[in-house]
Amino acid sequence: MATSSLSLLIASLLAVALPAEPDDSPDGPPNGAAKSDVITVTGVATTADGTPAAGVRVTVVAPKPLVEAVASASAVTDADGRYVLPDLPHPHTQLVWLMAKGPDGAVGNQHVNLWPRDATTFDSKLAMVPGGRLSLTFTDADGAPVEGVRPKSTVAGHGMERFILTREWAAAAGSPWPASDAEGRLTLGDLPAGEEMQVAFDPPGQHRQITDPLVVSEPGAPAAPDPIAVTIRQAGLFEVRIDPGEGAEPLPRDGYLVRTHGNGRVGTDAGTYEERSLDATPDGQAVIALKLPASGPEVTGSYRTWNPDQTERERDFGAVVTVTHPDLVFVPSSLTARLNPGERKVETITALRRTTVTGRLVDPATGEPQGGAPGFPTVDVYIPAPDQSNRSTPAGVGWKRLQADQRQTSIEEDGRFTVGTPRDKVRLVAKGRGSEQWFPGMLEVDVPPEGFNVGDVPLARMPELTGTVVNADGEPVPRALVWTTHDSAVTAPATAADANGRFTLRPESIPASLEGRSSAEIAAFDPLKPFAGTAKFTLIRGETPEPATVRLEPREIALPPGRAGSPSRDAFSGRWFLDGVVPELTLSKALAPDGTPTDDPPTLKSLRGRWVLLNFTSALHDRRNVYAGEVRAVAEAFADRLTVVTIYHSSDTDEQIVRAVARQPAVGITADDVDGATQRAFGVHQIPTYILLDPEGRFQKVFVPRQEIAGNLPKIVRQFITAE
């Protein structure tokens, strides 16, 4: 059975899975689910002008196939636009997704953050927009119609602003998608009118194909006198030959899990998982044959850099194929297929008999087990890779991560783990990937055929880096900005020293090492004066490093990058503010420092004469975004010249914002972009995004933390402010 996931959305939002059929008459928890394992989703649907939307059918889908049935998945809004979806089996993931259709044809699409984890009721918002349709006609390269093309998914927008619909979700909402008819014609409805949609299809007999952006027709447009023409590209044939290595003969015929994931232009397509069996070639070779989308130059897409001073360039990465099996491991564990239309290519991987390594993750200082939430520790296996001797990985140079079968990998609450490995020398890297930061552990093991228990594997909480910033006379420098340098092995977002020059840095990442040691270099500067300095730390896993003293010395402040007229394409939908004044804020609700509403929404006009940093964020990202600390550092260091305006996303409820503010007291001005108008006016598509405006209200710089490096925000803000 094949399942699918929208891989780009995983990076920022969720993993997609098959939803269940809706139940119009909920009677309680399905399958006898315990009340602690069910949730209720509530909310309000509004029209484009903000009035309640009555009679809207709202359907919720869970993002994982762990829930066999999602009963009570649909509800209809009342006269006030409210909907209640009770007794849903908790998917134990971060998000569920809402789809909505109104009696007037309007559509809505929004995710719901399932946070905090122990809550049972989650509020949400749905903004309805006019619905439209895509009328398409499919032909092959010779112009002949192609029957049986099935849509897989449609995606519009970026980041949190995505409108997402999949074939399975459409069916769950009661509007199943058809396939193209004998003349190649197909019409898709219930899409946001006027939006550009990237559509993925399943052409007959081959893997996914995507389209260039297609514009959804406006309501009331003709039935489709001139449908959009889509040419189905001829697939390429990619054969993965499997050679049995030592101990792997005979190869099992069934049970192979094949993941195909695109890169470059093909990367907008969803990754696919398929259960496959081996085929035999005439010469007796064991193969898995895949029909993959062609990835030649004629289908190459744009790769966008995140530096506005650089131009976009074309890049093509092909498709990545990964094969796993419960009883085998493969070397290499993934292959890249770059195929021209109709091309046949053969690549070979070696199958090795899988054995297991077991152990337990512990804190080296206390011996306490490290397992389960909130740290979500993992243990990855790396194997020697002489062909990658110049590439650094978490296991060191010349090692490559083994793509193990995740069905055979587990981390228990008591820290015990089991991982699949080949019978050979491997390195195990234990690390965390949750809300807490970790000092990873690494072991090198020669694994015998019968497997191996490595015992306790150290995995420590990340140590804090503390110290004092002083001037040449040894006097403390208040509000000095401190962060890890680009050359440091440890990465920590910037922070501002207190009135006595004291600072605390909380590292975000640190490399693994067999010795359990690492080093960090930090830099500090005076916010407004040309003084800077550096210091170094030695980090030992499980130990607290000694405080450091950073002595500032005269150092010139660099000029700001592209100060006037820099295009703001990094995180925007295409708007270029250049030297013009940016749009006015259209915020309807301001918040006091405790998160309660006030009657004084901020405007850019009222902030003229001061630098302004617009902080577009959300309650969800505030919890996870370590670079939010840099916004606070900038606000504190430049408090006499700069105001931070934090703008919460329209999907955040009042309760979520209050919780977020309680976790991290607000700096500057806080506002709620209730209807999303400000975010749309500025064209922001990535959350979080920071936009720097000068005292005259002109755009100067945009920052996207996911693409930035530690210390960049305060460093560049300082360059702009001191260049006045």
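Residues are numbered from 1 along each chain as its sequence is written.

Start with confidence. The predictor's confidence in each residue is pLDDT, from 0 to 100. The protein has a mean pLDDT of 78, and 78% of its residues reach 70 or more. A contact means heavy atoms within 4.5 Å. Residues 296-316 also stay under 50 in pLDDT, and have 43 contacts beyond four places in sequence. Where pLDDT is low, predicted coordinates should not be read in detail.

Now the fold. The protein has seven helices and 54 strands. These are DSSP runs numbered from the N terminus (helices: H or I, at least four residues; strands: E, at least two). Of the contacts with a separation of 6 or more, 68% join residues 24 or more positions apart. Buried residues make up 52% of the 724 residues. Buried means under 20% relative accessible area, exposed means over 50%, and partly exposed lies in between (1.4 Å probe, protein chains only).

Turn to the second largest pocket. It holds about 270 Å³ of space. Its lining has 21 residues, and the closest to its centre are Ala100, Lys101, Ala173, Ser175 and Asp190. On a 1 Å grid over the protein atoms alone, a pocket is an open set of points where a 1.4 Å probe fits, with protein on both sides within 12 Å along at least five of seven lines; lining residues have an atom within 4 Å of a point. Grid points are joined across faces, edges and corners, and the volume is the space filled by probe spheres set on them.

Which elements supply at least two residues each of this lining? They are strands S3 (57-61), S6 (95-101), S7 (107-113), S11 (163-166) and S12 (185-192), plus helix H2 (167-172). S12 gives the most, with four residues. By type, the lining divides into 12 nonpolar, six polar and three charged residues. Here Ala, Val, Leu, Ile, Met, Phe, Trp, Tyr, Cys and Pro count as nonpolar, Asp, Glu, Lys and Arg as charged, and the others, Gly among them, as polar.

Next, charge pairs. The whole structure has 16 salt bridges. Each is a side-chain nitrogen of Lys or Arg within 4 Å of a carboxyl oxygen of Asp or Glu. Asp181 pairs with Arg185, their closest N and O atoms 3.4 Å apart. Asp181 is partly exposed at 28%, and Arg185 is partly exposed at 45%. A network of salt bridges links Asp181, Glu183 and Arg185.

Arg506 and Glu464 meet in a salt bridge at 3.2 Å, N to O. Arg506 sits in the loop between S43 (502-505) and S44 (517-525), and Glu464 in the loop between S39 (460-461) and S40 (465-470), so the pair ties together parts 42 residues apart in sequence. Arg506 is exposed at 55%. Glu464 is partly exposed at 36%.

End at helix H7 (residues 712-722). H7 is mostly covered, with nine of its 11 residues buried. Among them are Leu713, Ile716, Arg718 and Phe720.

Definitions and conventions. This is a predicted model: local features need pLDDT of at least 70, side-chain atom pairs count only at pLDDT 80 or more; totals for chains, interfaces and linings use all residues. Side-chain values use heavy atoms; hydrogens and water are left out.
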